[in-house]
Amino acid sequence: MRLSRFHLATTREAPADADIVSHQLMLRTGMIRKLASGIYTWSPLGLRVLRRVEAVVREEMDRTGAIEMLMPTIQPMELWAETGRWKKFGGQLLKLKDRKEAEYCYGPTAEEVVTDYARNELRSYKQLPLTVYQIQTKFRDEIRPRFGVMRAREFLMKDAYSFHLTPEGLAREYANMYAAYTRIFTRLGLKFRAVQADTGAIGGNASHEFHVLADAGEDTLAFSDQSDYAANVERAEALAPTTPRPAPTQPLARVDTPTQKTIDAVSAFLKVTPARCVKTLLVRGADGLVALCLRGDHELNEIKAAKLPELAGELALADEADIVKHLGCVPGFIGPVGLPADIPVIVDRSAAVVADFVCGGNATGSHYTGANWERDAHGTRIEDLRKVVAGDPSPDGHGKLAIARGIEVGQVFQLGTRYSAAMGVTVLDDAGQNRVLHMGCYGIGISRIVAAAIEQNHDAAGIIWPEPMAPWRVVICLINPKHKPDVDAAADALHADLNANGIETALDDRGLRPGAMFADLELIGIPHRIVVSERGIAAGTFEYRGRRDTESRQLERDALMALFKSV
């Protein structure tokens with residue numbers, strides 16, 4: 001590839017709305033161009049990187065025994081209605097109608113489509129197990145598309161699905177895919193971690209997410225400092241304190257807090273720590289309002305809360321009108337003391353062992369001090385409601401939890417019979433009996449991997465691609481201002497030899513000055529740079545520099561070729 005024939009368009013500055021490094025660098029290198037909110041065109045340069053990732057994913061999926069197929073992106077409403085997700089999936093589902101007013105969606109995932117395929121194709125246990133996959137564009141109508149392709153509405157995804165006669169067969173394929181994902185991210189040169197995860201809108205019985213570790217990650221991960229335990233904070237259990245609740249030592253007293261509504265403001269005003277406060281959140285339940293009580297320095301885990309039977313899978317805060325109607329106060333002054341009997345009070349494990357605490361007085365402008373459970377306030381029951389924090393004991397009993405940021409790039413699910421039962425996917429077993437199939441689902445965000453890799457591999461000059469993802473492993477820089485034919489010939493010969501040896505190489509023959517040429521190649525992250533010049537030809541050497549090197553080296557041709565055979 002000659003760069004004089006390749007569209008390469010780099011810029012010095014990124015647009016002001018590019019907030020994170022990967023978005024900035026993908027725009028500066030010209031890898032992507034914004035078409036609409038959350039929708040991007042991939043340039044020839046960007047597509048080369050995307051195809052590198054795709055090739056590794058495809059090779060490892062084929063290695064597992066999965067079979068590639070391709071399903072439609074436009075999916076009929078009727079399939080989604082069968083599983084109940086037409087309404088449940090929410091606003092991310094882009095819905096549309098054809099000229100006959102038939103309803104469809106642009107697929108954000110393909111569980112319904114592949115399950116429909118299976119129920120029409122599979123008849124006997126002898127056809128199992130079956131695992132299929134595709135690499136296809138998806139669309140999710142994000143409320144706030146941001147960070148370039150990291151949180152785009154349109155994205156490229158590998159999604160795989162497996163079908164099994166038994167839960168044991170599903171568990172084996174789940175382990176097979178888990179191992180394949182580990183190989184994929186290792187081959188791509190990424191620092192990553194697999195964590196236990198919530199199954200979310202996909203559903204199912206068990207799930208692990210694969211996260212590239214990076215400060216720009218939107219997910220918070222908790223992992224033990226002494227074991228292999230790791231989980232998304234949404235999934236990590238906050239163990240109950242081992243110390244019992246102290247006996248009350250203070251009387252209950254109402255105090256004026258005229259403008260103090262937040263935990264920080266109240267604790268500063270009353271000169272107590274947030275850990276000595278109990279905050280109460282009123283949420284809408286299936287049968288009315290529900291009170292959730294947490295220690296003042298802890299955050300509600302919305303995923304855990306939504307799983308409470310009183311909330312029926314959805315978490316919605318009560319609005320101010322509801323609070324005023326039921327309690328006679330505005331938000332910021334709610335507490336568990338004296339709540340109406342028809343409001344269940346669910347208390348977090350850590351909040352349940354606090355004594356002599358501060359809480360809202362259920363009257364605008366006042367709080368209680370010296371409040372105590374059982375004596376003054378009564379909880380319906382105790383649950384794990386909060387997000388874990390650094391220093392919490394690890395749920396597996398080994399060590400303490402540390403917290404890191406991660407970018408989710410893949411997830412595997414054991415769906416069980418979630419979709420197959422709803423859509424009637426059965427086969428005959430060896431006894432001639434109909435059996436509902438067990439399913440697995442396995443996704444990788446291919447376009448997101450590109451951005452995640454940049455977040456983890458960059459410096460002030462630009463991208464530093466891991467070699468398996470680079471658009472070219474090597475670029476030869478032709479420096480020939482006097483147009484000497486022997487310099488051109490040497491560059492052409494080296495270009496041909498490297499490619500013939502399986503080392504994908506481009507020749508930069510754009511005629512730029514060396515500084516501008518080198519800056520471009522550092523910006524787009526080329527792992528290896530070779531300079532061919534009149535001076536080098538006279539000395540019988542080539543100037544070599546790796547992307548992470550601080551100095552260049554002069555190498556003879558044989559040494560140069562040997563270098564690439566060793567990396």
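Biologist: How far apart are the end C-alpha atoms of helix α2, and what span should its 21 residues give?
Modeller: In this predicted model, α2 covers residues 44-64, and at 1.5 Å a residue those 21 residues should span 30 Å. The end C-alpha atoms are 30 Å apart, so the two values agree.

Biologist: Nice. Which residue follows α2, and what is its phi?
Modeller: That's G65, and its phi is positive, near 95°.

Biologist: Now the packing. At what angle do the axes of α2 and α11 cross?
Modeller: Roughly 115°, with the axes coming within 9 Å; α11 is the helix of residues 446-456. Angles of 65 to 115 degrees count as roughly perpendicular, so that is how α2 sits relative to α11.

Biologist: And is the crossing left-handed or right-handed?
Modeller: Right-handed, as α2 passes α11.

Biologist: Which residues meet there?
Modeller: From α2 you have V49, L50, V53, E54 and V57, and they meet I446, S447, I449 and V450 of α11. By class, that contact has seven nonpolar residues, one polar and one charged.

Biologist: Changing topic: how many aromatic pairs are there?
Modeller: The count comes to 11. One of them joins F6 and W472, with 5.1 Å centre to centre and 75° between the planes. Planes over 60 degrees apart count as edge-to-face, and this pair is edge-to-face.

Biologist: Where in the chain do F6 and W472 lie?
Modeller: F6 is in the segment before α1 (21-28), while W472 is in the loop between β25 (462-463) and β26 (474-479). The pair therefore ties together parts that are 466 residues apart in sequence.

Definitions and conventions:
Residues are numbered from 1 along each chain as its sequence is written. This is a predicted model: local features need pLDDT of at least 70, side-chain atom pairs count only at pLDDT 80 or more; totals for chains, interfaces and linings use all residues. Side-chain values use heavy atoms; hydrogens and water are left out. Helices (H or I, at least four residues) and strands (E, at least two) are DSSP runs, numbered from the N terminus. The expected span of a helix is 1.5 Å times one less than its number of residues. Axes are lines fitted to C-alpha atoms, for helices over the stretch in contact, and angles run from 0 to 180 degrees between N-to-C directions. Angles under 35 degrees count as roughly parallel, over 145 as roughly antiparallel, 65 to 115 as roughly perpendicular and the rest as oblique. A crossing is left-handed if the near helix is turned anticlockwise from the far one by less than a right angle, and right-handed if clockwise. Contact means heavy atoms within 4.5 Å. Ala, Val, Leu, Ile, Met, Phe, Trp, Tyr, Cys and Pro count as nonpolar, Asp, Glu, Lys and Arg as charged, and the others, Gly among them, as polar. Rings of Phe, Tyr and Trp (its six-membered ring) pair if their centres lie within 6.5 Å; planes under 30 degrees apart count as stacked, over 60 as edge-to-face and the rest as tilted.
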